[in-house]
Amino acid sequence: MPPLPPLLGARRALPDPSGDTAPDDSGAFDDALDDEQLRAARAALAQGRRQAARSLLLHTGDDWDRRGHRLTVLAREPYAAAWAHDWLRAEPASADAAALYALALVQRALRSREDPGPAREACDTAAALAPADPTPWLGRLLLARVLGPEREVLGAFAELRRRHPEHHHAHHLLIARLAERPAGGRAEAHEVYDLAEHVAAQAPADSPLAVLPVVAYAERYRVLAATGLAPADPAASGHWRGPRARRILRACFDWWLEWEHDDHPRRHLDLNHLAFALSCAGRPAEAAALFQRIGEHATPVPWAYAHPEPRAAFHAARAAALGQ
């Protein structure tokens with residue numbers, strides 16, 4: 001993949017965290033998605049049984065997208081930091097222990113908006129133990145996305161991309177942040193759309209980054225709605241009905257029909273983004289195919305952008321598409 005286009009004009013971001021499968025207190029969403037091994041390891045960890053999580057990370061190996069997904073989910077457990085700290089004291093050279101401890105501190109800092117310094121230091125320690133692993137830099141990017149200046153976002157993303165050019169989570173986080181830059185000119189003219197299309201065009205043919213332009217539209221809608229520049233009802237906003245949006249939706253849906261795989265750990269996030277966009281664009285027949293594939297694996301993002309109760313937004317759109 002060639003270098004990304006210049007990302008100029010660094011600006012402060014809105015404080016709202018997005019671009020991720022955020023936890024939901026209602027129990028309606030499970031950020032483990034369909035990873036049954038991850039669910040089992042998380043359940044064991046919650047009961048104080050550590051070996052399942054330890055074995056899970058060992059066998060994940062250098063599948064970087066899966067490693068990042070599994071570590072971020074495990075790190076959200078309330079006792080993850082304490083357990084990882086004990087593990088790290090017992091095995092100071094363990095890259096798995098260091099990465100889990102770092103991401104657990106990242107989650108703690110994001111939840112409480114506390115000083116991110118200790119989490120940054122833990123990410124740096126984990127990166128030093130495993131220089132090829134992009135996951136500690138995912139921790140730095142998660143922190144920067146919410147609590148840091150844009151130069152820190154771009155720096156962490158560059159380190160991630162150097163280690164894994166198609167890192168799925170990293171690209172979603174970058175797009176979420178850059179969507180918050182002010183726009184000028186025409187409604188469908190924003191640098192985040194240009195960047196997302198560039199990345200999608202340069203990624204391998206079967207890469208889920210093909211859906212990134214749809215993600216960019218959802219993130220831009222989030223910003224427009226939050227600032228009163230778009231209606232609170234996304235279907236009434238016309239945001240997905242312009243010429244560029246229609247072209248992107250067609251291309252991304254056609255890509256899914258041809259290349260859809262069942263092995264990417266975060267594919268359900270892409271499916272939810274596509275279903276959301278097609279629902280908002282008034283294309284229920286295409287959305288129905290996606291809802292069938294999503295099944296029970298709804299994600300809060302992007303449905304939270306349409307309604308304060310994302311579960312209700314998902315089920316309403318699903319019922320409309322399936323004629324229920």
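The expected span of a helix is 1.5 Å times one less than its number of residues. Helices (H or I, at least four residues) and strands (E, at least two) are DSSP runs, numbered from the N terminus. The structure is a predicted model, in which local features need pLDDT of at least 70 and side-chain atom pairs count only at pLDDT 80 or more, while totals for chains, interfaces and linings use all residues. Residues are numbered from 1 along each chain as its sequence is written, and side-chain values use heavy atoms, with hydrogens and water left out.

**Exercise 1. Overall form**

Solution. Step 3: the C-alpha trace spans about 55 × 45 × 35 Å along its principal axes.

**Exercise 2. Burial, contacts and charge**

Task: Find what share of the residues is buried, what share of the contacts with a separation of 6 or more joins residues 24 or more positions apart, and how many positive and negative side chains there are.

Solution. Step 1: buried means under 20% relative accessible area, exposed over 50%, and partly exposed in between (1.4 Å probe, protein chains only). Of the 324 residues in the chain, 56% are buried. Step 2: with contact defined as heavy atoms within 4.5 Å, residues 24 or more positions apart supply 69% of the contacts with a separation of 6 or more. Step 3: Lys and Arg count as positive and Asp and Glu as negative, without His and the chain ends; each charge is placed at NZ of Lys, CZ of Arg, CG of Asp or CD of Glu. There are 38 positive and 42 negative side chains, and the centres of the two sets lie 3 Å apart.

**Exercise 3. Helices H3 and H13**

Task: Compare the end-to-end reach of helix H3 with its expected span, and do likewise for helix H13.

Solution. Step 1: H3 (residues 64-75) has 12 residues and reaches 16 Å from its first C-alpha to its last, close to the 16 Å expected. Step 2: in H3, 12 of the 12 residues are buried, so the helix is largely enclosed by the rest of the structure. Among these buried residues are Trp64, Asp65, Arg66, Arg67 and His69. Step 3: H13 (residues 267-280) has 14 residues that should span 20 Å, and its end C-alpha atoms are 20 Å apart, in agreement. H13 is mostly covered, with 13 of its 14 residues buried. Gly282, which follows H13, has a positive phi near 75°.

**Exercise 4. Helix H10 and its surroundings**

Task: Identify which residues of H10 are buried and which helices they pack against.

Solution. Step 1: the 12 residues of H10 should span 16 Å, and the end C-alpha atoms are 17 Å apart, which agrees. Step 2: the buried residues are Val192, Tyr193, Leu195, Ala196, Glu197, Val199 and Ala200. They pack against H9, helix H11 (212-226) and helix H12 (243-259). Step 3: Gln202 also lies in H10, and at 35% relative accessibility Gln202 counts as partly exposed. Step 4: Arg186 is found in the loop between helix H9 (168-178) and helix H10 (191-202); Arg186 is exposed, with a relative accessible area of 63%.

**Exercise 5. Backbone features and one buried alanine**

Solution. Leu33 is placed in the segment before helix H1 (36-46) and is buried, with a relative accessible area of 2%. Step 3: Ala44 is in helix H1 and counts as buried at 3% relative accessibility. The C-alpha atoms of Ala44 and Pro134, 90 residues apart along the chain, are separated by 26 Å.
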